[in-house]
Amino acid sequence: MYRQNVWRAKGESRAGLIYNSHVPDHSPTYASMSRLSLTLNLLLRIRSKDGNFRHEFDTNADALVLLQKILENAPSADQDTVTISNQPRGGETKLTSLKGRTLKALGLNHGDLVFVQYKEKSSGPPVTETPSSSKVASSTSVNGGHRPWELVQEDPVDMYWRSRDGKIPRERDLQFCKHGPKGMCDYCMPLEPYDVAYHKEHGIKHLSYHAYLQKITPKSSGAAQYIPPLNPLDYRVKVPCPTGNHASWPSGICTSCQPSAITLQSQPFRMVDHLEIASTNVIDRFLQAWRRTGMQRFGWMIGRYEPYDKVPMGVKAVVEAIHEPPQEGELDGLTLGLPWEDEPRVRSLASKGSTPLTIVGYIFTDLDPREDDRTKNVYKRHPGSFVMSSLEAIFAAAMQAANPTPSKSSSSGKFSSRLVTAILTGTEDGAIDVSAYQVSEQATAMVEADMIEASVDPGIVRVKEEDRSVNSARYVPDVFFSYKNEYGLEVKKSAKPAFPVEYLILNVTHGFPQNPVPLFQSTQFHIENRPGLENPTVEGVLSQLSALGAPDIQDSRHRKPGEAQKVFELAKFLSDWHLIAFLDTTQLFPPDDMNVLMQIATSTTLMSDPSQLDPLLATDGWQTLMTFTREHAPQQGSTLGSMMDEDIPQDILDQIAAEQAAASGPPSGMASGVASGAATPGIKTCPHCTFENDSTRTDCEVCGLPLS
């Protein structure tokens with residue numbers, strides 16, 4: 001029989017168990033001594049900037065007893081700033097907020113190491129801290145205090161998945177299940193949303209965000225003891241150093257303030273699992289500028305996030321419109337102005353929809369016609385070259401860092417980003433398709449730390465050199481990446497000076513719905529920031545409203561018989577994101593009336609129930625607009641020809657008139673343009689490649705084939 005003793009080390013009290021063999025049988029039994037050991041005191045190790053200390057506590061002692069012991073070793077500490085954590089950095093909790101809770105309730109066990117941080121007392125008189133309004137408002141606060149993740153307002157799709165367990169149901173197996181129809185066994189019980197075999201069977205490469213949370217969150221953690229499982233990556237040097245023993249970077253550095261070595265690896269999860277374009281018209285309208293000019297274009301995708309049933313606990317981004325910011329397009333690239341000055345207005349307007357919308361990503365073109373066949377595009381992005389260049393990956397990381405996702409599962413209240421990068425590029429057969437990507441959390445952290453930059457080779461990312469100058473200090477830790485060599489062995493290699501960009505990229509599937517139900521019913525209004533191609537004006541809006549007979553349309557109670565089609569056309573005309581965004585800049589509608597217009601234009605039942613226009617027709621902004629429409633109608637006219645002529649720049653009209661006068665004949669160029677299917681006067685659409693040419697040409701500028 002083994003004997004158990006309670007031993008004490010010199011200068012301290014400590015409870016423990018030691019075992020000595022070959023002792024008489026009359027020694028106390030193991031069971032009786034186990035009961036005795038439960039009454040022993042709790043020994044905790046405390047580590048702070050003052051050193052390491054050990055203290056003995058009763059397991060039922062209040063947390064403030066621990067605070068008293070800490071203050072004994074650090075008399076200069078401000079007790080209101082003392083925090084404890086189970087890790088050196090992150091997860092800190094104010095000790096004063098734990099008043100009334102026992103050490104046992106906090107989950108502290110015998111021998112645990114507690115990390116303590118605090119601020120020194122100020123030289124002035126002590127200031128009594130008053131609870132802020134945010135603390136009072138927090139329903140999840142602990143004794144008046146709050147933690148960052150408790151005040152987070154998550155996206156509706158996150159709230160949806162948090163209310164569900166996400167388990168994958170399975171049907172009863174006819175071969176292996178031997179129980180009745182109401183029974184359950186290992187062959188038919190639901191699977192966890194992170195089940196490896198299920199993902200492999202269905203070809204799902206990455207876990208969804210909420211499935212990953214289910215995997216890493218402890219099942220037994222209660223609300224009172226909840227510690228967020230996610231900690232955002234940060235590869236920057238901590239300034240000032242937590243120890244306070246040396247000058248801040250770049251004058252000094254130590255293991256406490258410098259980041260650890262980085263090993264690049266594939267991220268096991270992705271924040272967005274699928275990109276869905278609500279309608280093909282959204283993409284066709286965006287491509288129209290490239291078809292007419294050959295210049296690349298960029299746009300912000302306006303949409304929302306919804307659950308995605310093809311992936312366990314999946315999330316998809318649904319794109320309803322593309323808003324184009326000011327830009328300068330080129331044949332092989334484009335130039336953007338950042339930060340985007342109009343972003344707050346666009347975000348605010350989008351959020352006022354019947355279904356609140358936001359910026360879910362951005363899209364740009366990378367199209368280059370082939371020299372041998374101008375009707376097809378070069379297949380430049382493929383596994384043999386690159387799918388996303390290093391410059392694009394760094395830009396995506398910067399955009400994702402600027403648009404973090406609110407999360408209650410992160411110690412900072414924010415984690416990663418749901419911003420999606422979409423690229424319109426050529427396919428293997430020369431057609432145009434969408435590719436969607438995100439970059440990893442490691443990529444975002446490395447860009448924030450200014451560690452990487454683009455290289456001449458689009459498939460290679462370059463690691464910057466360390467810089468200790470005062471104005472541009474940059475610390476670059478060791479960076480590694482692993483790969484399989486020619487023998488199939490896993491090899492780790494230094495990422496300096498460069499590494500493949502694939503280590504930073506996450507693939508996102510994409511597609512179009514089989515039965516499209518877009519929020520915006522029209523995409524025909526002039527798109528913003530396309531000077532020379534499309535120029536939205538107030539006069540143009542008034543002309544189109546006059547042509548639709550909008551001033552004569554009354555609400556549903558006083559509507560005349562036979563006006564249903566006219567009301568339908570008006571509702572379709574108003575349900576256009578580009579029209580709403582333009583009207584928001586004209587000051588014709590007060591903010592409240594713009595909210596009404598946005599709500600009605602994004603209603604999913606607007607086309608089936610045009611009576612929803614009644615609240616808009618009663619607003620002061622609409623009445624003002626109708627007054628201008630009536631005054632403008634006699635001067636502008638309402639025929640389609642005059643509306644189309646106004647859309648053509650004056651210099652083009654003068655050129656057409658001069659050519660017609662020189663030819664001393666009828667406007668054959670214009671007639672042939674209409675015959676070839678052009679959508680705008682002065683334009684000939686090529687029947688072979690659909691490129692829009694000038695009306696004076698006889699052969700296509702792109703493919704060289706005859707236009708007639």
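A residue is called buried here if its relative accessible area is under 20%, exposed if over 50% and partly exposed in between, with a 1.4 Å probe and protein chains only. The structure is a predicted model, in which local features need pLDDT of at least 70 and side-chain atom pairs count only at pLDDT 80 or more, whereas totals for chains, interfaces and linings use all residues. Residues are numbered from 1 along each chain as its sequence is written, and side-chain values use heavy atoms, with hydrogens and water left out.

Salt bridges are considered first, a salt bridge being a side-chain nitrogen of Lys or Arg within 4 Å of a carboxyl oxygen of Asp or Glu. By this rule, 28 salt bridges are counted. One of them joins R345 to D584, with the closest N and O atoms 2.9 Å apart. This pair connects distant parts of the chain, 239 residues apart, since R345 belongs to helix α8 (residues 343-350) and D584 to the loop between α13 (577-583) and α14 (591-601); helices (H or I, at least four residues) and strands (E, at least two) are DSSP runs, numbered from the N terminus. R345 is partly exposed, at a relative accessible area of 22%, and D584, at 21%, is likewise counted as partly exposed. Elsewhere, R147 and E150 form a salt bridge with their closest N and O atoms 2.8 Å apart, and both of these residues are buried. D273 and R270 also meet through their side chains, at 3.2 Å from N to O, and both are buried. A network of salt bridges links E276, R304, E306, K316 and E320.

Aromatic pairs number 16 in the structure, where rings of Phe, Tyr and Trp (its six-membered ring) pair if their centres lie within 6.5 Å, and planes under 30 degrees apart count as stacked, over 60 as edge-to-face and the rest as tilted. The ring centres of Y160 and W161 are 5.0 Å apart and their planes stand at 75°, so this pair is edge-to-face. Of its two members, Y160 is partly exposed at 32% relative accessible area, while W161 is buried at 11%. An edge-to-face pair is also formed by F298 and F395, with 6.4 Å from centre to centre and 80° between the planes. Here, too, distant parts of the chain are linked, F298 lying in strand β12 (residues 298-308) and F395 in helix α9 (residues 390-402), 97 residues apart. F298 is buried, with a relative accessible area of 2%, whereas F395 is partly exposed, with 24%. Both rings belong to a cluster in which ring pairs link F298, W300, W340, Y362, F364 and F395.

A charge sits over a ring if NZ of Lys or CZ of Arg is within 6 Å of the ring centre and within 35 degrees of the ring normal. K49 lies in this way over the face of Y118, at 4.9 Å from the ring centre, and R418 over the face of Y305, at 5.7 Å.

Among the strands, β9, β23 and β24 form an open sheet in the order β9-β23-β24, with mixed pairing; two strands pair if DSSP finds at least two bridges between them. The edges are taken by β9 (262-264) and β24 (490-494), each of which has a single partner strand, so that one side of each is left without a neighbour in the sheet. β9 runs parallel to β23 (residues 479-484), to which three bridges join it, and T263 stands opposite F480 in β23.
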